[in-house]
Amino acid sequence: MTDVPATPAVTSRRWLLFAFLTVGLWGVWGAFAGISAQRGFPETLVYCVWALTMVLPAVLVMHRAKWRLDRDPRSILYGLLIGLTGAGGQMILFYAVTTGPAYLIFPIISLSPLITILLSLLLLKERTSRLGALGVVLALVALPLFDFSPQGFSFSQGSTWFPLALIIMLCWGVQAYFMKLANHRMSAESIFFYMMLTGLLLTPVAVAMTDFSEPINWGWDGPWLAGVIQMLNAVGALCLVYAFRYGKAIVVAPLTNAGGPLVTAAISLLLVGVLPGELKMVGLGLAVIAAALLASAP
């Protein structure tokens with residue numbers, strides 16, 4: 001196994017730089033992520049394009065690390081677990097949104113940092129200041145408000161999508177926890193390499209889920225535009241790995257999950273002049289306060 005130095009003291013602000021890079025990249029990605037599907041390129045194939053965009057940053061960081069890949073059994077286990085929980089959660093999401101309302105599914109999924117925080121508190125013994133703790137709470141309150149839109153839907157009708165939403169929330173919360181745990185024993189470059197590998201391994205599943213009987217846009221604004229947009233997602237994921245390497249999971253997870261939608265909403269407001277609804281405005285306000293508190297948390 002490649003020797004990996006212990007995670008630097010979290011008093012270093014390097015984690016904040018990578019966290020804000022993640023927020024910015026994911027925020028821009030979120031503002032344009034829906035364009036591909038709107039122009040006739042299915043979400044399942046967008047996943048395949050995303051998996052391919054992971055290859056370039058993975059190759060670049062592995063080249064920078066002189067191709068030193070952690071290959072001991074535990075590192076491989078951690079790497080594959082991180083990749084499968086992330087990509088597998090995305091696969092489940094494709095099916096979940098066909099069986100239930102997105103306006104209820106996404107608020108549930110957005111609470112995945114709660115899983116990360118609980119695991120980090122109990123197993124990694126992470127702690128933060130009172131201001132940091134307040135920021136965590138505000139971020140968790142803000143997250144569901146970004147997508148929630150009450151439309152009279154009864155949870156009694158959610159026998160299919162509700163368990164799936166909980167599974168996705170669990171997958172992504174566990175992924176972030178193991179991303180932090182893995183950084184204690186393996187390089188960030190190796191973690192991202194395994195994330196890329198598992199993403200590619202699941203592309204046949206996405207292809208099998210695609211309805212090829214429907215028209216598919218294979219033009220420049222189909223897969224090629226999707227590639228440009230998904231590259232933002234891929235590089236953001238790489239920055240997230242580094243943010244977890246240098247920072248506390250209980251702070252990084254809520255900051256990146258709340259900050260991304262905040263940037264997305266700001267871009268949408270600037271480009272199309274759409275003013276968010278009241279609940280989203282409350283969520284945005286809480287996210288701003290939470291981000292400031294988390295950024296200043298020791």
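Visitor: What span does helix H14 reach from its first C-alpha to its last, and what span is expected?
Guide: This is a predicted model. In it, helix H14 covers residues 278–296, which is 19 residues. The helix reaches 28 Å from first C-alpha to last. At 1.5 Å a residue, 27 Å is expected, and the value is close to that.

Visitor: Which residues of H14 are buried?
Guide: Buried here means under 20% relative accessible area. In H14 the buried residues are Gly283, Leu284, Leu286, Ala287, Ala290, Ala291, Leu293, Leu294 and Ala295.

Visitor: What other elements does the chain hold?
Guide: The chain has 14 helices and 0 strands.

Visitor: Why is the pair Asp221 and Arg39 called a salt bridge?
Guide: The cut-off is a side-chain nitrogen of Lys or Arg within 4 Å of a carboxyl oxygen of Asp or Glu. For Asp221 and Arg39 the N to O distance is 4.0 Å. The pair is therefore counted as a salt bridge.

Visitor: What parts does that pair tie together?
Guide: Asp221 lies in helix H12, residues 220–246. Arg39 sits in the loop between helix H2 (35–38) and helix H3 (43–53). The parts so tied are 182 residues apart in sequence.

Visitor: How many salt bridges does the structure hold?
Guide: It holds 2. Asp72 also forms one with Arg185, with the closest N and O atoms 2.8 Å apart. Asp72 is in the loop between helix H4 (55–64) and helix H5 (73–99). Arg185 is in the loop between helix H9 (161–182) and helix H10 (188–201). The two are 113 residues apart, and the pair links distant parts of the chain.

Visitor: Which label, buried or partly exposed, goes to Asp72 and which to Arg185?
Guide: Asp72 stands at 13%, under the 20% cut-off, so Asp72 is buried. Arg185 stands at 22%, so Arg185 counts as partly exposed.

Visitor: How many of the chain's contacts join residues at least 24 apart?
Guide: Among contacts between residues at least 6 apart in sequence, 90% do.

Visitor: What share of the chain's residues count as buried?
Guide: Of 298 residues, 53% do. The chain exposes about 13800 Å², with carbon and sulfur atoms supplying 71% of that area.

Notes
Residues numbered from 1 in each chain as written. Predicted model: local features only at pLDDT ≥ 70, side-chain atom pairs only at ≥ 80, totals over all residues. Heavy atoms only, no water. Helix = DSSP H or I, 4+ residues; strand = E, 2+ residues; numbered from the N terminus. Buried < 20%, exposed > 50% of the residue type's maximum accessible area, 1.4 Å probe, protein only. Contact = heavy atoms within 4.5 Å. Areas by Shrake-Rupley, 256 points an atom, 1.4 Å probe, with all protein chains shown as cover. Expected span 1.5 Å × (residues − 1).
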